[in-house]
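Visitor: Can you walk me through this one? Let's start with the sheet.

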Amino acid sequence: MVADLKELAKDNRVVLVHGGGVEVTETATKLGKEQRFIVSPEGFRSRYTDKETIEIYTMVMAGKINKQIVLALQSQGVPAVGLSGLDGLLLKAERKKRLIAVDERGRKKVIDGGYTGKINEVNAGLLQFLLQKGYVPVVTPIAVSEEFEPLNVDGDRTAAIIAGALKADRLILLTDVQGLVLKGKPVTKISATEVKEVLGSIGHGMSTKVHAALEALNQGVSEVLITSGTGANPVSSALKHKSGTVISRE
Ligand SMILES: Nc1ncnc2c1ncn2[C@@H]1O[C@H](COP(=O)(O)OP(=O)(O)O)[C@@H](O)[C@H]1O
Ligand SMILES: [Mg+2]
């Protein structure tokens, strides 16, 4: 993975956005802070993020995971710079006041939004500055609110918004499966229009990625790839359309 990124970064401008939700949950549990997850009416699953949770989230994501990735890249000679959305006000977001949570029986409940947000501004200039100097920015999906609080934002959507703001050619969403599966079959290529029609049949996790893909395509990104992050050369193989799912604008 790192070797693959190193090759790619030689003649492409690369920005990396990482996740880490599972590790946040593990650490929170160790600290005695049980994590709660909610599902929205649109089918998005998200962490209920109260004050203590955003602190743990920031610690694990911007502290531990971001620095691990930066070190792994540096050790292979990739000049990585770790940033959260708080640094240089990279990601500004509007704090969600309320969330609608749907329980297993389909009943809706309105709850406080906690420390979650929707990104409304990317400091693209900061990323461009780093990219021009040859750095690979490694971004933690934490945004800053109007009141200068940290907010939990979704990693896939953060990547999509950054790709849009940078007018990137491609967005690659790495995951733990080969790509999108529809009716039991792996999809190698699908257009935005086609995928919109089947959005309802896609489960949690993948549906977030498809929504993010559509957002990026809408912002002018020409192609989105969803592929497995494991394996030898996940990124270059997906770029050559040898693996994963390609979602195209038309
Ligand atoms: N139609 C689908 N095609 C592929 N994966 C799907 C689909 N519906 C649900 N999934 C699930 O989405 C998961 C990927 O999302 P997620 O668990 O959030 O992983 P990540 O850590 O990569 O964000 C897959 O492991 C798979 O179980
Ligand atoms: Mg996910």
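Guide: We'll take the sheet, a helix and the ligand shell in turn. This is a predicted model: local features need pLDDT of at least 70, side-chain atom pairs count only at pLDDT 80 or more, and totals for chains, interfaces and linings use all residues. Residues are numbered from 1 along each chain as its sequence is written, and chains are lettered from A and ligands numbered from 1 in the order in which they are written.

Visitor: What's the strand order in the open sheet?

Guide: β12-β16-β17-β15, with mixed pairing. Strands are DSSP runs (E, at least two residues), numbered from the N terminus; two of them pair if DSSP finds at least two bridges between them.

Visitor: Which strands are at the edges?

Guide: β12 (170-175) and β15 (189-191), each pairing on one side only.

Visitor: Is β12 parallel or antiparallel to β16?

Guide: Parallel, over six bridges. Threonine 175 has serine 228 in β16 as its bridge partner.

Visitor: And how do β16 and β17 pair?

Guide: Antiparallel, over four bridges; β16 spans 223-228 and β17 spans 245-248. Glutamate 223 stands opposite serine 248 in β17.

Visitor: Which helix packs on the sheet?

Guide: α7 (residues 206-218), touching β12, β16 and β17. Its direction makes about 170° with that of β12. Helices are DSSP runs of H or I, at least four residues. Contact means C-beta atoms, placed from the backbone, within 7 Å. Axes are fitted to C-alpha atoms, for helices over the stretch in contact, with angles from 0 to 180 degrees between N-to-C directions.

Visitor: New topic. Which residues are around ligand 1?

Guide: Among them are Thr175, Asp176, Gly203 and Met206. The cut-off is a C-beta atom, placed from the backbone, within 6 Å of the ligand.

How values were computed:
Contact = placed C-beta atoms within 7 Å.
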